[in-house]
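Got a model open and wondering where the labels come from? Let's go through them one at a time.

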Amino acid sequence: MTNYIIRRLLYLIPVLLGVSFLIFLLFNVVAGDPTAVLLGKNATARQMEELREQLGLNKPLFMQYLDVVKSAFTFDFGRSWATKQEITYMLKQGAYPSLTLTIPAFVISTVLSLFISLFVAYYRGKGIDLFIRFLCIAGMSVSALAYILGFQWLFAYKLGWFEISGFEYGFPEFLPYIALPAIIWIILSLGPDVRFFRTVILDEIYQDYVRTARAKGLGEMTILLKHVLRNAMIPIITYTVIQIPFLILGALLLENFFGIPGIGGMTLNALNNSDFPVIKAMAILSSVVYIIFSLVSDILYTIADPRVKLK
Amino acid sequence: MKENSLWKDAFIRLTKDKWALASLIIVVVYSLVAILSACGFIAADWAQEVGASNLAPNAEHIFGTDIFGRSVFQKVVRGTQVAMSVGLATSLIAIPIGVVLGAVGGYFGGWVDDFITWLYTTFSSIPNIMLLISITMILGKGLFAVYVALGATSWVTLCRLIRGEVMKHKEREYVQAASAIGGGHTRKLFKHILPNVTHIVIINTSLQFQVAIKSEVILSYLGLGVQGEPSWGTMIDDAKLELARGVWWQLAGATLAMFIIVLAFNILGDALRDSLDPKLKGK
């Protein structure tokens, strides 16, 4: 076990180097020289040279690559081109609004999906199961943009139940601002979550131990909750853990539409301003967090299921 | 009596499912619309003014007109061409890369496999949306960047699936038999193993296609996608400002067009899995 974890930890190194290389390739090699764009068309050669020096772009490419690698470990991403602020500072500022939206939405959608999938697993093959499955697929086929625009227009603008846009710090002041985006997040997650959980639960239902449980006269509900759910929890937990990085990434579109000053909205603003360092920082940060959580998810899997061979 | 081939069997199973058949027909219709539009037979003059500005849907213009008096229906058709071209281009990039890397890694193992595993782990470690945004931003706006970005993100799943399946197959008796009669690596891999994993490519492509369409809409909405031509994403972007004035038909048209094709690919993907891989049926 310990051996496996150590080996898995060591594997982080080549993956992190690979991710840094990919990001370096995109932003430092393919993207080209940004100084002309940054300084406008009246820039003198000397100004451009100074700016290149300041941004660390006159270093040899290898040293620039090392800078990217370093930022993946130190989370020191430099300054934004648009706001001139430290990117680390901007991330800290954005974390609170982002997490007040994503964490409750994530918890509610996961619990709700679990209940719905248990319900449809109980009635598998019956009309209600087919109907909810169809609803899931249909719900997943509507563009996220359509949900956001439609709901914002109807519930916030027409009916005035929620704030159209903005944010206030502190509980319960933020509730009217995050309620509608959170509801949209939940609706967007229900489809894929229920589909996945249902498949996992039904995978277990056809196992021998379930037949044994049924043979000894246990009720369907007891089987589902006591036996099936416990075994199905393993893939469900790993699936859930691997989604946590996306909470930190924030809800790009939702924050943008609802004027929530979080990390997701910040990323889209950076995109509109061609603010390369912020996008680069977000790419690095989200990858590092993703790599860490996929490791956690793998380790949890092996802890939760002793049958999994540790190779 | 002549036995049906595996593929014919699968096709018969597929057509018995009326939902799958309907989905297949929808995909064919959308493809035809896209091809006809690309060749300039339909919606070629989408940019022309056909009526007053912002007309609500009526008998003449079933989806209404936009702010410049252009037919929203024609824009939807033109957007279909963009969406389908993105799905196709993504598949054309993702399938060769995913199949070749996955097959080579799974078959040869050793350091080759280690390298390929590292490569797809690296690509899958950057959350898709960040990789899509980064690539399109750096390559510059436009369809080419969207093709490259979606190609770069979508080969990973296919590669992983093919690698796993080829690993299982290379130990099977039929492959051993092929070695016994002197078949080389190339022959074993391409002639014997790959035909047995083709179903994975088909199932995966059907699901990837709709992911590509959905991503194109979001990238175009963000202003990173197609320029100077209507796309479902840019139509939704227009609608963002028009909704408050009660102009809902651009949003409705684009959303409906996208909903139907994405739903069809979703249902088709599931049905293909059931018919090509009957072991999984009922799960």
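Q: Why is A:Ser274 called partly exposed?
A: Its relative accessible area is 37%. Buried means under 20%, exposed means over 50%, and partly exposed is what lies in between (1.4 Å probe, protein chains only). So A:Ser274, at 37%, counts as partly exposed. The residue lies in the loop between α13 (263-272) and α14 (276-304) of chain A, and its phi is near 50°, a positive value in a residue other than glycine.

Q: What are the ground rules here?
A: This is a predicted model, where local features need pLDDT of at least 70 and side-chain atom pairs count only at pLDDT 80 or more, while totals for chains, interfaces and linings use all residues. Residues are numbered from 1 along each chain as its sequence is written, chains are lettered from A and ligands numbered from 1 in the order in which they are written, and side-chain values use heavy atoms, with hydrogens and water left out.

Q: What makes A:Lys84 exposed or buried?
A: A:Lys84 has 55% relative accessibility, so it counts as exposed. You'll find A:Lys84 in the loop between α4 (61-74) and α5 of chain A, with a positive phi near 65°.

Q: What makes B:Glu165 and B:Lys168 a salt bridge, and where do they sit?
A: Their side chains meet at 3.4 Å, N to O, so they pass the cut-off. B:Glu165 and B:Lys168 are three residues apart in helix α6 (residues 143-169) of chain B, about one helical turn. B:Glu165 has 17% relative accessibility and so counts as buried.

Q: Which residues are linked with B:Lys75 in a network of salt bridges?
A: B:Asp66, B:Arg70 and B:Asp238 are linked with B:Lys75 in that network. B:Lys75 and B:Asp66 have their closest N and O atoms 2.9 Å apart, and both residues are buried. Over all chains, the whole structure has 17 salt bridges.

Q: What makes a set of residues a nonpolar core?
A: The members are buried Ala, Val, Leu, Ile, Met, Phe, Trp, Tyr and Cys residues joined through side-chain atoms within 4.5 Å. The largest such core has 126 residues, and B:Ile213, B:Trp232 and B:Ile261 have the most contacts inside it. Apart from it lies another core, of 17 residues, including A:Leu202 and A:Val210.

Q: Which helix gives the most to the nonpolar patch?
A: That's α6(A), with three residues. The patch covers about 740 Å², and A:Phe119, A:Phe131 and A:Met221 are among its residues. Patch residues have over 30% relative accessible area and no salt bridge; like charges are joined within 9 Å, nonpolar side chains (Val, Leu, Ile, Met, Phe, Trp, Tyr) within 5 Å. A:Phe131 has its place in helix α6 of chain A.

How values were computed
Areas by Shrake-Rupley, 256 points an atom, 1.4 Å probe, with all protein chains shown as cover. Salt bridge = Lys/Arg side-chain N within 4 Å of Asp/Glu carboxyl O. Helix = DSSP H or I, 4+ residues; strand = E, 2+ residues; numbered from the N terminus.
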